[in-house]
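The following exercises ask you to read features of a chain from its coordinates, and each is followed by a solution in steps.

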Amino acid sequence: MFDILVYLYETYYRPDACPEPAVLARKLSAVGFDDVEISEALVWLTDLNAMAGVEQTLTAASTGTRFYVQQESDVLGTAAIGFIQFLESAKVLSPLQREIVIERALALDEAPVSLGKLKVIVLMLLWSQGKEPDALMFDDLFVDDEDLPPRLLH
């Protein structure tokens with residue numbers, strides 16, 4: 001699934017340039033992606049877009065500390081939690097975006113989620129909202145990871 005997410009990020013510079021799900025599924029299949037992975041990726045993206053749309057309508061700010069329950073800690077791991085806290089302190093993620101990232105990581109049904117996959121989740125959230133991280137943060141977010149495909153640039 002992450003191969004598809006990275007492919008979408010690199011192929012469709014803006015989310016509004018991305019075709020409708022049925023057309024996108026055919027294009028992804030034509031490129032050579034597996035139908036099961038395509039289906040998982042489209043469901044994951046649909047859920048992300050639904051949550052990201054809600055985030056844009058809410059403007060609540062939080063100055064409190066986020067505590068992670070045991071299930072979240074088990075799935076995310078300390079490296080991912082530290083990275084999420086770093087992104088929030090650097091103002092890359094709002095508290096509501098942080099919650100979306102956590103929810104999308106928990107939806108993977110994988111523990112622990114690798115830091116590389118978490119970075120793709122963050123990029124996809126920002127991409128779905130039409131936001132681009134600055135150049136220095138982009139480099140930090142898109143570091144090569146052993147369980148991700150080699151990256152291309154736009």
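**Exercise 1.** Does Gly116 count as buried or exposed, and why?

Solution. The model is a predicted one, and Gly116 is found within helix H6, which covers residues 115–128. The relative accessibility of Gly116 is 4%, and because buried means under 20%, Gly116 counts as buried. As a further step, take the C-alpha atoms of Gly116 and Phe2, which are 114 residues apart along the chain, and find that 9.9 Å separates them.

**Exercise 2.** Determine whether Ser128 is buried or exposed, and find which residues it contacts once neighbours within four places in sequence are left aside.

Solution. Ser128 also has its place in helix H6. Its relative accessibility is 17%, and so Ser128 counts as buried. With the neighbours within four places in sequence set aside, the contacts of Ser128 are Pro15, Leu48, Asn49 and Ala52.

**Exercise 3.** Compare the end-to-end distance of helix H4 with that of a straight helix, and locate its kink.

Solution. Helix H4 spans residues 70–89, which is 20 residues, and at 1.5 Å a residue a straight helix would reach 28 Å, whereas the end C-alpha atoms of H4 are only 22 Å apart. Turning to the course of the helix, one finds a kink of about 95° centred on Gly77. Gly77 is itself among the buried residues of H4, which also include Val75, Leu76, Ala80 and Ile81. Finally, the helix is followed by Lys91, which has a positive phi near 65°.

Key
Residues numbered from 1 in each chain as written. Predicted model: local features only at pLDDT ≥ 70, side-chain atom pairs only at ≥ 80, totals over all residues. Heavy atoms only, no water. Helix = DSSP H or I, 4+ residues; strand = E, 2+ residues; numbered from the N terminus. Expected span 1.5 Å × (residues − 1). Bend = angle between axes of the 7 residues up to and from the residue. Buried < 20%, exposed > 50% of the residue type's maximum accessible area, 1.4 Å probe, protein only. Contact = heavy atoms within 4.5 Å.
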